[in-house]
2 protein chains.
Amino acid sequence: MKHVTCAKCVRCGAEYEAVPDLTTCKCGGILDIQYDYAYIRAHFTKADLAACQDYSMWRYRPLLPVEPDSPSTPLRVGWSPLYQADRLAAELGLKRLYLKDDGQNPTASLKDRASAMAVVKAREAGADTIACSSTGNAASSLAGNAAAAGLSAYIFVPSRAPKGKVAQLMVFGATVVSVEGSYEDTFELSKAAIDRWGWYNRNAAINPYLSEGKKTVTLELMEQLGWQVPDYVALSVGDGCTIAGAWKGFKDLYAAGFIHRLPRLLSVQAEGCCPLNRAIQTGEPWRPMEENTLADSIAVGVPRNADKALAAIRESQGIAVNVSDEEILEAMRLMGRTQGVFGEPAGVTGTAGVKKALELGLIDPDATVVSIVTGNGLKDVANGIRAAGEPMRVAPELPALLDAFARRGIEP
Amino acid sequence: MKHVTCAKCVRCGAEYEAVPDLTTCKCGGILDIQYDYAYIRAHFTKADLAACQDYSMWRYRPLLPVEPDSPSTPLRVGWSPLYQADRLAAELGLKRLYLKDDGQNPTASLKDRASAMAVVKAREAGADTIACSSTGNAASSLAGNAAAAGLSAYIFVPSRAPKGKVAQLMVFGATVVSVEGSYEDTFELSKAAIDRWGWYNRNAAINPYLSEGKKTVTLELMEQLGWQVPDYVALSVGDGCTIAGAWKGFKDLYAAGFIHRLPRLLSVQAEGCCPLNRAIQTGEPWRPMEENTLADSIAVGVPRNADKALAAIRESQGIAVNVSDEEILEAMRLMGRTQGVFGEPAGVTGTAGVKKALELGLIDPDATVVSIVTGNGLKDVANGIRAAGEPMRVAPELPALLDAFARRGIEP
């Protein structure tokens, strides 16, 4: 990897060779992959991309920490659609809004970008087995991408994990261990097992390559916008890996000469679980919080990538906004009704934050905003029902229908 | 539309002008859109496609019955991934198998292709409201595509419709009428309402443009295969519109000079509901059947597009294979485990049929087969659980994990 120089600890600055099976620094800090941008500038241009026929995250290989001869992963991850959401923007009183629908990835979430990267690095490390602990999208994306690549996956989930997500894991043929304990217990058992059997580690914030996969969401949206940098990029935030990855993408593009300014990040958390936003708002170190929100994918009271996430928000002169569960459900309805995009609760939280930030006067209505939809609403049908309610019931006769419409004020 | 000549009844041969709001023939027969292939040959080439940057179903406009100035639909429908499924082929004892994953469409099924077409034709007809009756993917795809285009949608569902699918409809802001009666009652009420209010009609097999949208799945897979025609194309079959549309795509490409032979269709139905395959197998006219299968999307005892579907299977010298519910669930596990593709029951039925046809010696193991995955497994999580089972439960200690692995013969 001529374009990668090393991996550097974000806490103590120690540098490590960028071997495929990196984990954290000896000091406990998270590592960050470092690039030789002069090399990249000399070998990677917008014209190269315009000529590239690979419409997946792997079109950005010259900016990704993978060996030139490493095969891409089989599932088509990335190049998710970017929709200009004019009707939604009008309803919010915003000049221009784009929705980047990452729920259109193979296992229906942005996490496929990280898992596809993990699969490539596992192969480079010579591993045939890969493991993680997670209750949600990270697990299902790992199981799917590993199956497609012919790798074995061991997934550790707390026994309270929703049945639907477990079903996805089981269909993908992963060995799923349901741990009778808390999430912390689950994480510790996965760690012990990974240490014992030497599986490749795809735990969030432990493996520094994951956020390099996630940054492709930024590379894509900038290419789709013709390299015109938006004023704000809105993201829901849980453990912090995704917003950190998105920011890394902007910094890479800037350093490589593809863009000439940077956007501000809009970090959106749930009111019931916002340890990172609280740190931004108070200027104090982050402290753990209860996990009191229906948006399960961002219900992270102890964020594992706080260092990178807080640095990203601060460097971008970002804005932190918290939204209530009701505001999340309202955003789900709004995005569905105006744009035909169905996101899971965490997937619509970024847009709920855009609405809230406009109401609070934190964002200029003349701004251009990109909101990233991180997961598909079909992942969590129960909350879809909670958001959207029940249909009217009528007897199978036209007079009954006329009556039902009249009672509801519906005038076809 | 210089390339469209008329719409012709498949039963009596009557011809109609191809106006946007066509329904069925006066004789009750289904209409089929007719093209001027000489015009198309003169104006549409493989080179045009190679230069086309629109990676959606609308890249095939010169073969679609839409006005040149009609805007495309906003959601990114089509250009779903085609995966070469080598591990799955090896397990089945087949030389070459491809999976076309149409569960990757915006509302997670192939039906988006028909609904996007319906939205374009509704706009051409000057309609601002579009309606259909359906319990499943047709309804949710219409609701999503209509919302994205700013059209109103009225959806009629029987009150037994699964909550999850209703939730999708409600999130997309459709007016959903839950009819206290059978599916037939629901259809009749939708018909009465469409007649009364003049809504644009998206009922399957009534509107002849829908299968023209569906045929884009064939146009795509042929382009993705470099115009190398496979020996067989496997599809699950319910009301018959999808297999008829897929076949229309092959005939169009043949007539337009893009391909020089035609594949054989593999029509796959559930043993518990196979009226069309029974007609093929016995040579007798089709007769209604009970709807006794867990694959709800193809549980169609009275297929509404029998004429076109039977003609397609026969013209292609096709093969009809029925599979049991257990074989459908086995195909779901097999596709998930070997290729990381999670299909709903009807979405994996085509592949279940490929397996069955090989076992019965109906397909040459040296053949090249494309199997179309018509819908995403997240649409029907309950059957995913039924297919894949429950994970092992362990206490949060390594000795407990070792014990659990040993008892199951798992050797990491």
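How many salt bridges does the rule find across the interface of chain A and chain B? In this predicted model, two salt bridges are found across that interface. One salt bridge pairs Arg393(A) with Glu180(B), and the closest N and O atoms of the two residues lie 3.3 Å apart. This distance meets the criterion because a salt bridge requires a side-chain nitrogen of Lys or Arg within 4 Å of a carboxyl oxygen of Asp or Glu. Polar contacts also link the chains: 22 residue pairs, both members at pLDDT 80 or more, are in polar contact between chain A and chain B.

On the side of chain A that touches chain B, helix α6 (residues 163–171) of chain A gives the most, with seven residues. Sorted by class, this side of chain A has 45 nonpolar, 18 polar and 13 charged residues.

The contact as a whole draws 76 residues from chain A and 75 residues from chain B. Between them, the two chains bury about 6,400 Å², of which 65% lies on carbon and sulfur atoms. Of the area that chain A buries against chain B, 11% is supplied by Arg76(A), Val171(A) and Leu378(A), more than by any other three residues.

Strand β8 (residues 175–179) of chain A runs in the parallel sense with strand β14 (residues 392–394) of chain B, and three bridges join the two strands. Within this pairing, Val177(A) is placed opposite Met392(B), a residue of β14(B).

Key: Residues numbered from 1 in each chain as written. Chains lettered and ligands numbered in written order. Predicted model: local features only at pLDDT ≥ 70, side-chain atom pairs only at ≥ 80, totals over all residues. Heavy atoms only, no water. Contact = heavy atoms within 4.5 Å. Buried area = accessible area lost by both parts, 1.4 Å probe. Polar contact = N/O pair within 3.5 Å; in protein donor to acceptor, adjacent residues only side chain to side chain. Helix = DSSP H or I, 4+ residues; strand = E, 2+ residues; numbered from the N terminus. Nonpolar A, V, L, I, M, F, W, Y, C, P; charged D, E, K, R; others polar. Pairing = 2+ DSSP bridges.
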